[in-house]
Amino acid sequence: MNLRRSLATKLPPPLKPLTQFIYNYWWSWTSERSSLFRVLAPDLWQNCQHNPVALMQDITPERLWQLAEDPHYLKRLQTLSAEFQTYLHRDHTWAQTAASSITPDNPVAYFCIEYGIHESLPLYCGGLGVLAGDHLKSASDLGLPMVGVGLLYRQGYFCQRLNRSGWQESHYRENHFESLPLIPVCNEHGQRLKIRVTIGQRMVKAQVWQVQVGRSVLYLLDTDIIENDVDDRQITAQLYSGKPDVQLSQEILLGVGGVRMLQALGIEPAIYHLNDVHAAFALLELARFELEQMGGTLDDVKTYVCDRTLFTTHTPVPTGQAFSVGMMESYFADYWPRLGLERSEFFALGAQASNPEVFSMTALALQLTGATNAVSKRHGEVSRQLWQNLYTKRSDKKEAIGYVTNGIHARSWIAPLLEDLYQDYLGKHWAENIRDPETWSKIEHIPDERLWQRHQILKARLIAYARDRVLSARKERNDCSDNIKAVERLLDPKVLTLGFARRFSDYKRSALIFRDLDRLTRIFSNQKRPVQLILAGKARPNDKTGKRIIQRIMELSCHPDLRDRIAFIEDYDMYTAKLMVQGIDLWLNTPRRPLEASGTSGQKVALNGGINFSVLDGWWCEGYKPHLNGWTIGEDAETKDQDVQDTIDAESFYAQLERDIVRLYYDCDRNHVPRGWVKRMKASIRTIAPIFNSDRMVADYVSQLYCQSDS
């Protein structure tokens, strides 16, 4: 008996509807997401990282039967089950009219090296993966047939721990696939479906798994099978391990293997959408397959490949993802003859004028896809400038890089406490009308007191969580008793709370606000109007600069006047992200311009009533409305002297925080409601929600790139 069947057998008859949700992540963006599984066994639910399969494996039959006789829970379950069936079988979806050429037989095939679907499925590092997960969810909501293509990692991305000196250490946990919401894909004979790919002159096999994301399906490749040798089983061990040979192997598996997997599944995509460059080898495999079928040269099939492919670029730097020429030669020497190419012709596909010693994956993707888009308006301008030489050399006069600004899947990121409020004041179907500005204009109908009260609850929840995580971390590294006891004084729900959660790297300038420590200390420790900060984020395992930034912040947070005002939450994940974006007052973003391609965390904050305080870069260039919905750090320009620019931006941060932001937050009426702040909260929601959501994003992909000829 397979695991799925055994879990269904374990459930008492009244709870059988739960089987629908255990293996479909649709439950994670419903109004019941907070309690559907948690109420079964709260401690177990917390310990298993909110994983319904692991929960059902560990829960006792006695507890299940207790719920089976609870009429209130059964009514909720029956209602949700009916809602799910209606969702799956809904006729006349938006996509049936807007994208009639995209069908279940000819879906969009969406390739990405990481997917952030939910914290219980650790296949993501950060923003790129979360964007991919939100893309699949909105495609499902809109009824757009879409299959995701990715890799299944045995250890996923690393777990972060800080030692007593504040230095980041990497640890890996094994993912037990049989305890995750995964289903192995089998062929018509009931055997595990496997594909073959040549990687480094070796034949590697990969088995196929699937994850249900509402109506969308995510297919994942896994090389950790007995048929492979020890090294090849490690190809899908870790996400972004930092080893170039492993990264190249993963990208061959994702691109070449992904195309072969779709063929083995009998899926003929209407379009192949490459989300970032990691899957660019799919273009070579599509060309190779067509040449094998039709004959001719690469030039003969280039139009065929271009007409069926789309590339979304995320890099704002000239080289982007690249591999050494020597490494590419050792992996592809047997492949380029199958494309009818000489060595020089093959390397011309990835030629990078600024560095002839590398093969640029971005150059490859730009040359062999029919359309390319950046992920914000500003990023589009930067990308066109970066790659203009490549475009002028093309004989087919390919259109310049356009843009589709990223958005977020609102139903996944809005707190249930606020979702309930939106239901009352925006209308029962607010989520289905999320792109309609008229829907969000009703935000003004919400009484200030109700919005502020719920925001305060979410903020207090975040602070309780931050304290708990800090306490656990200090105990784990055997901090002194004074530091452990000090957690009781850490953070205050009544204080203006800033949030910063990013990958720690040099260009994101995570330590910018610490530039003038004396001034920051005066602001944070002000007796009448104090300020506090919650941070989270990881540096890449091989990024020593990023690790040093974290270490420096940890040192500064020990300052006597800051130690109760700054909390760093270790091992940032999607669950921590949700609590932060739902409970923070003011969201900080300090990248070096113009290196923030888009960013989406500030969008999540806005939909939960938080306010953005950011450098004008990425999506904020489009989202910011002066004197209305947030604040900007510095001017909309970047000096060549980075040290000078950092000084300018830090001064801008301190001045506005002291002069405008702190005063507005603490200006409360007799009911302890800061009316001016709440007014800006509402403006933030009203102006950002209808535009910066993934329903609008997917709709833009449909109208501009997936099927421009459709009505």
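Axes here are lines fitted to C-alpha atoms, for helices over the stretch in contact, and angles run from 0 to 180 degrees between N-to-C directions. Helices (H or I, at least four residues) and strands (E, at least two) are DSSP runs, numbered from the N terminus.

This is a predicted model, in which local features need pLDDT of at least 70, side-chain atom pairs count only at pLDDT 80 or more, and totals for chains, interfaces and linings use all residues. Residues are numbered from 1 along each chain as its sequence is written, and side-chain values use heavy atoms, with hydrogens and water left out.

I start with helix H21 (residues 448–476) and helix H25 (residues 574–583). Their axes come within 8 Å and cross at roughly 140°. H21 is therefore oblique to H25; angles under 35 degrees count as roughly parallel, over 145 as roughly antiparallel, 65 to 115 as roughly perpendicular and the rest as oblique.

What does H25 pack on? H25 packs on the sheet, touching strand E15 (496–501), E16, E17 and strand E18 (586–589). The sheet is open, with 6 strands in the order E17-E16-E15-E18-E19-E20 and parallel pairing; two strands pair if DSSP finds at least two bridges between them. Strands E17 (566–569) and E20 (630–633) each have a single partner strand, so one side of each lacks a neighbour in the sheet. E17 is joined to strand E16 (residues 531–536) by 4 bridges, and Ala 536 has Ile 569 in E17 as its bridge partner.

Notes:
Contact = heavy atoms within 4.5 Å.
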